[in-house]
Amino acid sequence: MNEDNVKVHFVFHFVVLTSKIQMAGIYIHIPFCKQACHYCNFYFSTSLGNKDNFIKALLTEIDLSKDYLVGEKIETIYLGGGTPSQLSIEDLRLITDKLQSVYDLNELKEFTIETNPDDLKDAEVIKEIGTLRVNRFSIGIQSFFDEDLKYMNRAHNSDEALSSIKRVQDSGFENITIDLIYGTPTMNDDKWKQNLDIAFSLNVPHISSYALTVESKTSLEKRITKGESKPVDEEQSARQLKMLMNEMRAHGFEQYEISNFARDRKYAVHNSNYWFGKKYLGLGPSAHSFNGSSRRWNVSNNMNYINTIKEGKILFEEEVLTEAQKVNEKIMTSLRTQWGLRIAECGVLNAELIQKRLKEIDSSHYRLENEIIKLTDEGKLFADSIAASLFIEEQ
Ligand code: SF4
(Lines give C-alpha, C1' and ligand atoms only; values in the text may rest on other atoms or scores of the structure.)
Protein backbone atom coordinates (compact mmCIF):
# COMPACT_ATOMS: atom_id res chain seq x y z
CA MET A 1 0.00 0.00 0.00
CA ASN A 2 1.03 3.54 -0.38
CA GLU A 3 1.95 5.37 2.71
CA ASP A 4 -0.98 7.51 1.88
CA ASN A 5 -2.68 5.09 4.02
CA VAL A 6 -1.24 5.64 7.27
CA LYS A 7 -4.21 7.53 6.79
CA VAL A 8 -6.74 4.96 5.94
CA HIS A 9 -5.94 2.25 8.43
CA PHE A 10 -5.25 4.74 11.00
CA VAL A 11 -8.72 5.73 11.73
CA PHE A 12 -9.43 8.99 13.39
CA HIS A 13 -12.87 10.44 13.24
CA PHE A 14 -15.06 12.78 15.11
CA VAL A 15 -18.60 14.01 15.55
CA VAL A 16 -20.52 13.71 12.32
CA LEU A 17 -21.29 16.95 10.55
CA THR A 18 -24.93 17.34 9.72
CA SER A 19 -26.17 18.17 6.26
CA LYS A 20 -29.34 17.45 4.33
CA ILE A 21 -27.86 14.47 2.51
CA GLN A 22 -25.27 12.50 4.42
CA MET A 23 -22.32 11.43 2.31
CA ALA A 24 -20.17 8.46 3.13
CA GLY A 25 -17.21 6.51 1.81
CA ILE A 26 -16.23 2.90 1.18
CA TYR A 27 -12.69 1.69 1.80
CA ILE A 28 -11.58 -1.72 0.52
CA HIS A 29 -8.39 -3.29 1.81
CA ILE A 30 -6.62 -5.54 -0.72
CA PRO A 31 -4.26 -7.60 1.47
CA PHE A 32 -1.56 -8.59 -1.03
CA CYS A 33 1.85 -7.13 -1.86
CA LYS A 34 4.61 -8.26 -4.19
CA GLN A 35 7.22 -7.93 -1.45
CA ALA A 36 7.41 -6.55 2.06
CA CYS A 37 8.74 -3.01 2.40
CA HIS A 38 11.04 -2.93 5.44
CA TYR A 39 9.16 -0.13 7.21
CA CYS A 40 5.61 -1.38 6.65
CA ASN A 41 3.26 -2.43 9.44
CA PHE A 42 0.04 -2.77 7.45
CA TYR A 43 -1.66 -6.11 7.04
CA PHE A 44 -0.80 -7.94 3.80
CA SER A 45 0.43 -11.26 2.47
CA THR A 46 3.15 -11.70 -0.14
CA SER A 47 1.45 -14.87 -1.42
CA LEU A 48 -1.44 -14.66 -3.86
CA GLY A 49 -2.41 -18.26 -2.98
CA ASN A 50 -5.64 -17.15 -1.29
CA LYS A 51 -6.46 -14.45 -3.77
CA ASP A 52 -9.51 -16.10 -5.40
CA ASN A 53 -10.98 -17.07 -2.04
CA PHE A 54 -10.38 -13.53 -0.81
CA ILE A 55 -12.25 -12.04 -3.77
CA LYS A 56 -15.16 -14.41 -3.17
CA ALA A 57 -15.24 -13.49 0.53
CA LEU A 58 -15.03 -9.77 -0.25
CA LEU A 59 -18.02 -9.97 -2.61
CA THR A 60 -19.97 -11.71 0.15
CA GLU A 61 -18.87 -9.11 2.70
CA ILE A 62 -20.20 -6.35 0.43
CA ASP A 63 -23.62 -8.04 0.65
CA LEU A 64 -23.38 -8.77 4.37
CA SER A 65 -22.57 -5.17 5.28
CA LYS A 66 -24.94 -3.41 2.91
CA ASP A 67 -26.98 -1.94 5.80
CA TYR A 68 -24.00 -0.35 7.59
CA LEU A 69 -24.29 2.89 5.63
CA VAL A 70 -28.05 2.82 5.31
CA GLY A 71 -29.49 6.23 4.35
CA GLU A 72 -26.12 7.53 3.17
CA LYS A 73 -25.05 8.45 -0.35
CA ILE A 74 -21.71 7.00 -1.42
CA GLU A 75 -19.41 9.88 -2.28
CA THR A 76 -16.05 8.10 -2.42
CA ILE A 77 -14.57 4.66 -2.93
CA TYR A 78 -10.97 3.94 -2.04
CA LEU A 79 -9.16 0.74 -3.02
CA GLY A 80 -6.18 0.54 -0.69
CA GLY A 81 -4.07 -2.08 0.97
CA GLY A 82 -1.78 -3.87 0.55
CA THR A 83 -1.51 -3.30 -3.15
CA PRO A 84 -4.75 -3.20 -5.18
CA SER A 85 -2.74 -3.10 -8.41
CA GLN A 86 -1.69 -6.69 -7.63
CA LEU A 87 -5.20 -7.73 -8.69
CA SER A 88 -6.10 -8.48 -12.29
CA ILE A 89 -8.51 -6.28 -14.18
CA GLU A 90 -11.04 -9.17 -14.01
CA ASP A 91 -10.81 -9.22 -10.20
CA LEU A 92 -11.16 -5.45 -10.01
CA ARG A 93 -14.21 -5.63 -12.28
CA LEU A 94 -15.84 -8.27 -10.05
CA ILE A 95 -15.43 -5.91 -7.09
CA THR A 96 -16.71 -2.79 -8.83
CA ASP A 97 -19.64 -4.65 -10.45
CA LYS A 98 -20.64 -5.91 -7.02
CA LEU A 99 -20.43 -2.44 -5.50
CA GLN A 100 -22.60 -1.06 -8.34
CA SER A 101 -25.18 -3.79 -7.78
CA VAL A 102 -25.45 -3.11 -4.02
CA TYR A 103 -25.03 0.68 -3.82
CA ASP A 104 -26.49 3.66 -5.60
CA LEU A 105 -23.31 5.28 -6.96
CA ASN A 106 -24.99 8.24 -8.68
CA GLU A 107 -23.33 10.68 -6.27
CA LEU A 108 -19.89 9.09 -6.52
CA LYS A 109 -17.31 11.88 -6.78
CA GLU A 110 -14.00 10.17 -6.29
CA PHE A 111 -12.84 6.60 -6.86
CA THR A 112 -9.17 6.10 -5.98
CA ILE A 113 -6.99 3.09 -6.59
CA GLU A 114 -3.64 2.68 -4.86
CA THR A 115 -0.98 1.34 -7.17
CA ASN A 116 2.72 0.62 -7.17
CA PRO A 117 4.94 1.77 -10.06
CA ASP A 118 6.00 -1.77 -11.00
CA ASP A 119 2.34 -2.69 -11.63
CA LEU A 120 1.79 0.19 -14.06
CA LYS A 121 3.75 -1.05 -17.07
CA ASP A 122 0.81 -1.64 -19.40
CA ALA A 123 -1.08 1.41 -20.70
CA GLU A 124 -3.99 -0.81 -21.83
CA VAL A 125 -4.52 -2.08 -18.26
CA ILE A 126 -4.40 1.47 -16.93
CA LYS A 127 -7.05 2.54 -19.44
CA GLU A 128 -9.19 -0.47 -18.53
CA ILE A 129 -9.01 0.52 -14.87
CA GLY A 130 -10.58 3.81 -15.99
CA THR A 131 -13.59 1.91 -17.38
CA LEU A 132 -14.34 0.76 -13.80
CA ARG A 133 -15.15 4.42 -12.86
CA VAL A 134 -11.76 4.82 -11.14
CA ASN A 135 -10.91 8.52 -11.56
CA ARG A 136 -7.90 8.95 -9.27
CA PHE A 137 -4.59 7.10 -9.15
CA SER A 138 -2.47 7.03 -6.02
CA ILE A 139 1.06 5.90 -6.91
CA GLY A 140 3.50 4.72 -4.22
CA ILE A 141 6.64 6.40 -5.53
CA GLN A 142 8.38 7.05 -2.17
CA SER A 143 11.62 8.21 -3.87
CA PHE A 144 13.01 8.76 -7.37
CA PHE A 145 16.39 7.33 -6.30
CA ASP A 146 17.37 3.65 -6.36
CA GLU A 147 19.46 3.90 -3.20
CA ASP A 148 16.44 4.99 -1.12
CA LEU A 149 14.12 2.46 -2.79
CA LYS A 150 16.56 -0.36 -2.01
CA TYR A 151 16.91 0.81 1.58
CA MET A 152 13.11 0.63 1.94
CA ASN A 153 12.94 -2.69 0.02
CA ARG A 154 10.47 -1.29 -2.46
CA ALA A 155 9.64 -3.55 -5.44
CA HIS A 156 10.23 -0.82 -8.06
CA ASN A 157 13.23 1.16 -9.28
CA SER A 158 13.72 4.83 -10.09
CA ASP A 159 13.02 4.39 -13.84
CA GLU A 160 9.69 2.73 -13.04
CA ALA A 161 8.88 5.52 -10.59
CA LEU A 162 9.16 8.11 -13.36
CA SER A 163 7.67 6.13 -16.22
CA SER A 164 4.63 4.97 -14.22
CA ILE A 165 3.48 8.54 -13.57
CA LYS A 166 3.91 9.49 -17.22
CA ARG A 167 2.08 6.38 -18.38
CA VAL A 168 -0.91 7.08 -16.12
CA GLN A 169 -0.98 10.68 -17.37
CA ASP A 170 -0.70 9.59 -21.01
CA SER A 171 -3.58 7.19 -20.42
CA GLY A 172 -5.81 10.19 -19.72
CA PHE A 173 -5.71 10.57 -15.91
CA GLU A 174 -4.98 13.99 -14.44
CA ASN A 175 -6.14 13.30 -10.91
CA ILE A 176 -2.99 11.65 -9.59
CA THR A 177 -1.41 11.65 -6.18
CA ILE A 178 2.07 10.35 -5.40
CA ASP A 179 3.62 9.38 -2.08
CA LEU A 180 7.10 10.45 -1.05
CA ILE A 181 9.04 9.44 2.06
CA TYR A 182 11.70 11.60 3.68
CA GLY A 183 14.04 10.99 6.61
CA THR A 184 15.61 7.78 5.26
CA PRO A 185 19.29 7.52 6.29
CA THR A 186 20.18 7.23 2.57
CA MET A 187 18.63 10.62 1.80
CA ASN A 188 20.57 13.79 2.48
CA ASP A 189 18.92 17.21 2.18
CA ASP A 190 20.24 17.70 -1.32
CA LYS A 191 18.67 14.45 -2.49
CA TRP A 192 15.39 15.31 -0.79
CA LYS A 193 15.33 18.62 -2.67
CA GLN A 194 16.02 16.77 -5.93
CA ASN A 195 13.17 14.36 -5.18
CA LEU A 196 10.82 17.28 -4.70
CA ASP A 197 12.05 19.02 -7.85
CA ILE A 198 11.39 15.88 -9.88
CA ALA A 199 7.91 15.60 -8.35
CA PHE A 200 7.11 19.24 -9.22
CA SER A 201 8.35 18.77 -12.79
CA LEU A 202 5.81 15.96 -13.30
CA ASN A 203 2.84 18.23 -12.84
CA VAL A 204 0.82 16.05 -10.46
CA PRO A 205 -1.87 17.93 -8.52
CA HIS A 206 -1.49 16.11 -5.20
CA ILE A 207 1.42 14.82 -3.12
CA SER A 208 1.35 12.96 0.20
CA SER A 209 4.62 12.92 2.09
CA TYR A 210 5.59 11.15 5.30
CA ALA A 211 8.62 10.84 7.51
CA LEU A 212 10.05 7.35 7.67
CA THR A 213 9.04 5.97 11.05
CA VAL A 214 10.30 2.83 12.73
CA GLU A 215 7.21 0.87 13.72
CA SER A 216 7.46 -1.98 16.18
CA LYS A 217 7.89 -5.52 14.84
CA THR A 218 8.85 -4.32 11.38
CA SER A 219 11.84 -5.57 9.49
CA LEU A 220 13.27 -2.05 9.72
CA GLU A 221 13.15 -2.17 13.51
CA LYS A 222 14.94 -5.53 13.51
CA ARG A 223 17.57 -4.33 11.08
CA ILE A 224 18.31 -1.25 13.16
CA THR A 225 18.48 -3.32 16.36
CA LYS A 226 20.96 -5.72 14.72
CA GLY A 227 23.03 -2.83 13.38
CA GLU A 228 22.26 -3.75 9.75
CA SER A 229 20.64 -0.41 9.08
CA LYS A 230 21.39 3.08 10.30
CA PRO A 231 18.79 4.43 12.75
CA VAL A 232 16.41 7.15 11.66
CA ASP A 233 17.60 10.61 12.66
CA GLU A 234 14.75 12.72 14.06
CA GLU A 235 16.59 15.97 13.44
CA GLN A 236 16.98 15.06 9.77
CA SER A 237 13.26 14.25 9.56
CA ALA A 238 12.30 17.58 11.16
CA ARG A 239 14.64 19.49 8.84
CA GLN A 240 13.28 17.71 5.79
CA LEU A 241 9.69 18.36 6.88
CA LYS A 242 10.53 22.09 7.01
CA MET A 243 12.08 21.85 3.54
CA LEU A 244 8.97 20.06 2.32
CA MET A 245 6.64 22.76 3.64
CA ASN A 246 8.72 25.58 2.14
CA GLU A 247 9.16 23.92 -1.24
CA MET A 248 5.48 23.02 -1.50
CA ARG A 249 4.46 26.59 -0.72
CA ALA A 250 6.93 27.94 -3.27
CA HIS A 251 5.42 25.66 -5.92
CA GLY A 252 1.80 26.62 -5.27
CA PHE A 253 0.77 23.60 -3.20
CA GLU A 254 -1.51 24.07 -0.17
CA GLN A 255 -0.61 22.03 2.89
CA TYR A 256 -4.22 21.21 3.67
CA GLU A 257 -3.17 18.47 6.10
CA ILE A 258 0.26 17.96 7.64
CA SER A 259 1.16 15.14 5.26
CA ASN A 260 -1.01 16.17 2.29
CA PHE A 261 -0.46 18.87 -0.31
CA ALA A 262 -2.69 19.90 -3.20
CA ARG A 263 -2.61 22.33 -6.11
CA ASP A 264 -5.83 24.00 -7.27
CA ARG A 265 -7.80 22.55 -4.35
CA LYS A 266 -7.45 19.00 -5.62
CA TYR A 267 -7.88 17.73 -2.06
CA ALA A 268 -8.32 14.01 -1.50
CA VAL A 269 -12.07 13.80 -0.87
CA HIS A 270 -12.02 10.33 0.70
CA ASN A 271 -9.25 11.04 3.19
CA SER A 272 -10.61 14.50 3.97
CA ASN A 273 -13.89 12.87 4.91
CA TYR A 274 -12.09 10.87 7.61
CA TRP A 275 -10.86 14.14 9.06
CA PHE A 276 -14.32 15.71 8.83
CA GLY A 277 -15.89 12.82 10.74
CA LYS A 278 -18.00 11.40 7.92
CA LYS A 279 -19.11 7.78 8.01
CA TYR A 280 -17.32 5.07 6.12
CA LEU A 281 -17.46 1.35 5.64
CA GLY A 282 -14.23 -0.63 5.53
CA LEU A 283 -14.22 -3.98 3.71
CA GLY A 284 -11.52 -6.63 3.67
CA PRO A 285 -9.08 -7.90 6.32
CA SER A 286 -7.96 -5.22 8.82
CA ALA A 287 -10.27 -2.56 7.33
CA HIS A 288 -11.83 -0.04 9.72
CA SER A 289 -15.40 1.30 9.65
CA PHE A 290 -17.05 4.24 11.40
CA ASN A 291 -20.78 4.90 11.73
CA GLY A 292 -20.76 8.17 13.64
CA SER A 293 -20.75 6.66 17.11
CA SER A 294 -18.65 3.52 17.01
CA ARG A 295 -15.80 2.12 15.04
CA ARG A 296 -15.01 -1.44 14.16
CA TRP A 297 -12.10 -3.18 12.55
CA ASN A 298 -12.01 -6.47 10.68
CA VAL A 299 -9.71 -9.32 11.65
CA SER A 300 -6.18 -8.89 10.25
CA ASN A 301 -5.78 -12.39 8.90
CA ASN A 302 -6.77 -13.56 5.43
CA MET A 303 -7.71 -17.14 6.39
CA ASN A 304 -9.79 -16.11 9.42
CA TYR A 305 -11.48 -13.44 7.34
CA ILE A 306 -12.30 -15.86 4.51
CA ASN A 307 -13.43 -18.75 6.74
CA THR A 308 -15.72 -16.58 8.87
CA ILE A 309 -17.36 -15.05 5.85
CA LYS A 310 -17.98 -18.55 4.49
CA GLU A 311 -20.13 -19.03 7.59
CA GLY A 312 -22.05 -15.86 6.77
CA LYS A 313 -20.37 -13.71 9.46
CA ILE A 314 -17.87 -10.87 9.53
CA LEU A 315 -15.16 -11.17 12.18
CA PHE A 316 -14.51 -7.75 13.70
CA GLU A 317 -13.93 -5.94 16.98
CA GLU A 318 -15.91 -2.86 17.85
CA GLU A 319 -15.54 0.12 20.13
CA VAL A 320 -18.26 2.62 21.03
CA LEU A 321 -16.66 6.04 21.28
CA THR A 322 -17.14 8.03 24.46
CA GLU A 323 -17.84 11.76 24.23
CA ALA A 324 -14.25 12.43 25.38
CA GLN A 325 -12.83 10.17 22.67
CA LYS A 326 -14.90 11.95 20.02
CA VAL A 327 -13.67 15.35 21.16
CA ASN A 328 -10.06 14.21 21.42
CA GLU A 329 -10.13 12.71 17.96
CA LYS A 330 -11.56 15.96 16.68
CA ILE A 331 -8.72 17.86 18.37
CA MET A 332 -6.15 15.46 16.90
CA THR A 333 -7.43 15.48 13.33
CA SER A 334 -8.52 19.13 13.09
CA LEU A 335 -5.18 20.47 14.28
CA ARG A 336 -3.48 18.59 11.45
CA THR A 337 -5.57 20.40 8.83
CA GLN A 338 -5.29 23.91 7.47
CA TRP A 339 -8.85 24.58 8.66
CA GLY A 340 -7.79 24.11 12.27
CA LEU A 341 -9.74 23.35 15.43
CA ARG A 342 -12.93 25.35 15.97
CA ILE A 343 -12.97 25.44 19.76
CA ALA A 344 -16.73 25.98 20.03
CA GLU A 345 -17.36 22.62 18.35
CA CYS A 346 -15.84 20.83 21.34
CA GLY A 347 -18.74 21.72 23.69
CA VAL A 348 -19.01 24.64 26.14
CA LEU A 349 -17.21 23.09 29.13
CA ASN A 350 -14.50 21.52 27.00
CA ALA A 351 -13.99 24.81 25.17
CA GLU A 352 -13.16 26.57 28.44
CA LEU A 353 -10.68 23.86 29.33
CA ILE A 354 -9.05 23.97 25.89
CA GLN A 355 -8.73 27.79 26.08
CA LYS A 356 -7.04 27.45 29.47
CA ARG A 357 -4.63 24.74 28.30
CA LEU A 358 -3.80 26.64 25.15
CA LYS A 359 -2.16 29.36 27.26
CA GLU A 360 0.43 26.80 28.38
CA ILE A 361 1.51 26.02 24.81
CA ASP A 362 4.39 27.89 23.17
CA SER A 363 2.68 30.78 21.36
CA SER A 364 4.98 30.39 18.33
CA HIS A 365 3.39 26.98 17.70
CA TYR A 366 -0.14 28.19 16.90
CA ARG A 367 -2.35 31.08 15.82
CA LEU A 368 -5.78 31.77 17.28
CA GLU A 369 -8.10 33.28 14.67
CA ASN A 370 -11.79 33.77 15.49
CA GLU A 371 -11.62 31.03 18.11
CA ILE A 372 -10.04 28.61 15.65
CA ILE A 373 -6.63 27.14 16.56
CA LYS A 374 -4.26 26.68 13.62
CA LEU A 375 -0.74 25.33 13.90
CA THR A 376 2.20 27.32 12.54
CA ASP A 377 4.95 25.58 10.55
CA GLU A 378 6.94 25.25 13.77
CA GLY A 379 3.89 23.88 15.57
CA LYS A 380 3.36 21.25 12.86
CA LEU A 381 6.61 19.64 13.99
CA PHE A 382 4.94 19.01 17.36
CA ALA A 383 1.36 18.38 16.22
CA ASP A 384 0.83 15.17 18.18
CA SER A 385 2.12 16.51 21.48
CA ILE A 386 0.20 19.79 21.10
CA ALA A 387 -3.00 17.82 20.46
CA ALA A 388 -2.30 15.56 23.46
CA SER A 389 -1.83 18.56 25.74
CA LEU A 390 -5.34 19.79 24.79
CA PHE A 391 -7.08 16.43 25.24
CA ILE A 392 -9.99 16.35 27.65
CA GLU A 393 -10.46 13.64 30.27
CA GLU A 394 -13.25 11.09 30.53
CA GLN A 395 -16.05 12.38 32.79
S1 SF4 B 1 3.57 -1.91 -0.89
FE2 SF4 B 1 5.01 -1.85 0.82
S3 SF4 B 1 4.26 -0.12 2.09
FE4 SF4 B 1 2.57 -0.69 0.74
S5 SF4 B 1 1.39 -2.18 1.96
FE6 SF4 B 1 2.80 -3.35 0.68
S7 SF4 B 1 4.56 -3.70 2.00
FE8 SF4 B 1 3.37 -2.04 2.90
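Contact here denotes heavy atoms within 4.5 Å. The legends below refer to a predicted model.

**View 1. The largest nonpolar core and the residues at its centre of contacts, F137 and I178.** This core comprises 64 residues, and F137 and I178 have the most contacts inside it. Helix α2, spanning residues 51-64, is its greatest contributor, with six residues. Another core, of 21 residues, lies apart from it and includes A324, M332, A383 and I386.

**View 2. The surroundings of I178.**

**View 3. Packing of helix α2 against helix α3 (residues 89-102).** The two axes are 10 Å apart and form an angle of about 10°. Angles under 35 degrees count as roughly parallel, and α2 and α3 are therefore roughly parallel to each other. On the α2 side the contact involves K51, I55, L58, L59, I62 and D63, which meet D91, L94, I95, K98, L99 and V102 of α3. Of the residues in this contact, eight are nonpolar, four are charged and none is polar.

**View 4. Helix α11 (residues 302-310) and its buried residues.** N302, Y305, I306, T308 and I309 are buried in this helix. Among the elements covering the buried residues of α11 are α2 and β11 (294-298).

**View 5. The two ends of helix α11.** At the start of the helix, a side-chain oxygen of N301 comes within 3.0 Å of the backbone nitrogen of M303. Just after α11, G312 adopts a positive phi of about 85°.

Note on methods:
Residues are numbered from 1 along each chain as its sequence is written. This is a predicted model: local features need pLDDT of at least 70, side-chain atom pairs count only at pLDDT 80 or more; totals for chains, interfaces and linings use all residues. Side-chain values use heavy atoms; hydrogens and water are left out. A nonpolar core is a set of buried Ala, Val, Leu, Ile, Met, Phe, Trp, Tyr and Cys residues joined through side-chain atoms within 4.5 Å. Buried means under 20% relative accessible area, exposed over 50%, partly exposed in between (1.4 Å probe, protein chains only). Helices (H or I, at least four residues) and strands (E, at least two) are DSSP runs, numbered from the N terminus. Axes are lines fitted to C-alpha atoms, for helices over the stretch in contact, and angles run from 0 to 180 degrees between N-to-C directions. Angles under 35 degrees count as roughly parallel, over 145 as roughly antiparallel, 65 to 115 as roughly perpendicular and the rest as oblique. Ala, Val, Leu, Ile, Met, Phe, Trp, Tyr, Cys and Pro count as nonpolar, Asp, Glu, Lys and Arg as charged, and the others, Gly among them, as polar. A polar contact is a pair of N or O atoms within 3.5 Å; within protein, one must be able to donate a hydrogen and the other to accept it, and residues adjacent in sequence count only if both atoms are side-chain atoms. Lists of a residue's contacts leave out its neighbours within four places in sequence.
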